[in-house]
Amino acid sequence: MHEAAFPRAERWGAQAIALMLALPGHFALLAVSDDDPLGFAMGRVAAAEAEVLTIAVRPASRRVGAGAALLGALMAEAARRGAAEVFLEVAEGNVAARALYTRSGMTEVGRRRRYYPDGADALVLRAGLGGRS
Ligand SMILES: CC(C)(COP(=O)(O)OP(=O)(O)OC[C@H]1O[C@@H](n2cnc3c(N)ncnc32)[C@H](O)[C@@H]1OP(=O)(O)O)[C@@H](O)C(=O)NCCC(=O)NCCS
């Protein structure tokens with residue numbers, strides 16, 4: 001699913017994902033419909049901060065709410081694990097993801113210049129968890 005969702009230079013293979021999931025504080029969530037996987041999200045929590053590591057929805061399953069459901073579930077799980085705020089990086093030109101994050105209450109708090117392999121800037125977004133802003 002990750003390979004189908006991202007440009008070649010940004011794809012994570014199964015081995016990389018398995019290694020990440022073995023690290024402390026890392027977790028993954030799977031969205032399914034009638035046993036069909038629609039997409040997945042990965043996050044991590046360290047002390048009171050969480051990070052969205054990735055969200056990927058299969059191209060054929062987009063715009064039916066899976067991405068929003070995964071982000072909401074990731075935020076809830078991060079809060080359950082003790083995080084008070086969540087951060088992520090998104091490519092400035094990623095219209096779909098930015099719309100999803102804005103709709104979910106995330107706001108821009110920084111920029112990493114030429115962060116991606118294609119030279120695009122990353123925006124750093126943040127949201128408060130558990131009712132805090
Ligand atoms: C970003 C991504 C996860 C969104 O998943 P999705 O399941 O299609 O998202 P949803 O159906 O939950 O959409 C929620 C809202 O996000 C916004 N949105 C999603 N896709 C959009 C698009 N292509 N254009 C504009 N807005 C979009 C809309 O506001 C949408 O609500 P609406 O459908 O009621 O208008 C998906 O497009 C994807 O996997 N992209 C490739 C991987 C990627 O870029 N991941 C994020 C990396 S930071």
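Mentor: Let's start with residue classes: Ala, Val, Leu, Ile, Met, Phe, Trp, Tyr, Cys and Pro count as nonpolar, Asp, Glu, Lys and Arg as charged, and the others, Gly among them, as polar. By that scheme, the shell around the ligand holds 14 nonpolar, three polar and four charged residues. Keep in mind that this is a predicted model, where local features need pLDDT of at least 70, side-chain atom pairs count only at pLDDT 80 or more, and totals for chains, interfaces and linings use all residues. Residues are numbered from 1 along each chain as its sequence is written, and side-chain values use heavy atoms, with hydrogens and water left out.

Trainee: How many residues surround the ligand, and which are the closest?

Mentor: A residue is near a molecule if one of its heavy atoms lies within 4 Å of it. Here 21 residues surround the ligand, and the closest are Ile55, Gly65, Gly67, Ala68 and Asn94.

Trainee: Which element gives the largest share of the shell?

Mentor: Helices (H or I, at least four residues) and strands (E, at least two) are DSSP runs, numbered from the N terminus. Helix 4 gives the largest share, six residues. Strand 3 (49-57), helix 3 (66-80), strand 4 (85-91) and helix 4 (95-103) each supply at least two.

Trainee: Where does the ligand sit?

Mentor: On a 1 Å grid over the protein atoms alone, a pocket is an open set of points where a 1.4 Å probe fits, with protein on both sides within 12 Å along at least five of seven lines; lining residues have an atom within 4 Å of a point. A molecule sits in one if more than half of its atoms lie within 2 Å of its grid points. The ligand sits in the largest pocket, which is lined by 40 residues, with Phe6, Ile55, Asn94, Ala97 and Tyr101 nearest its centre.
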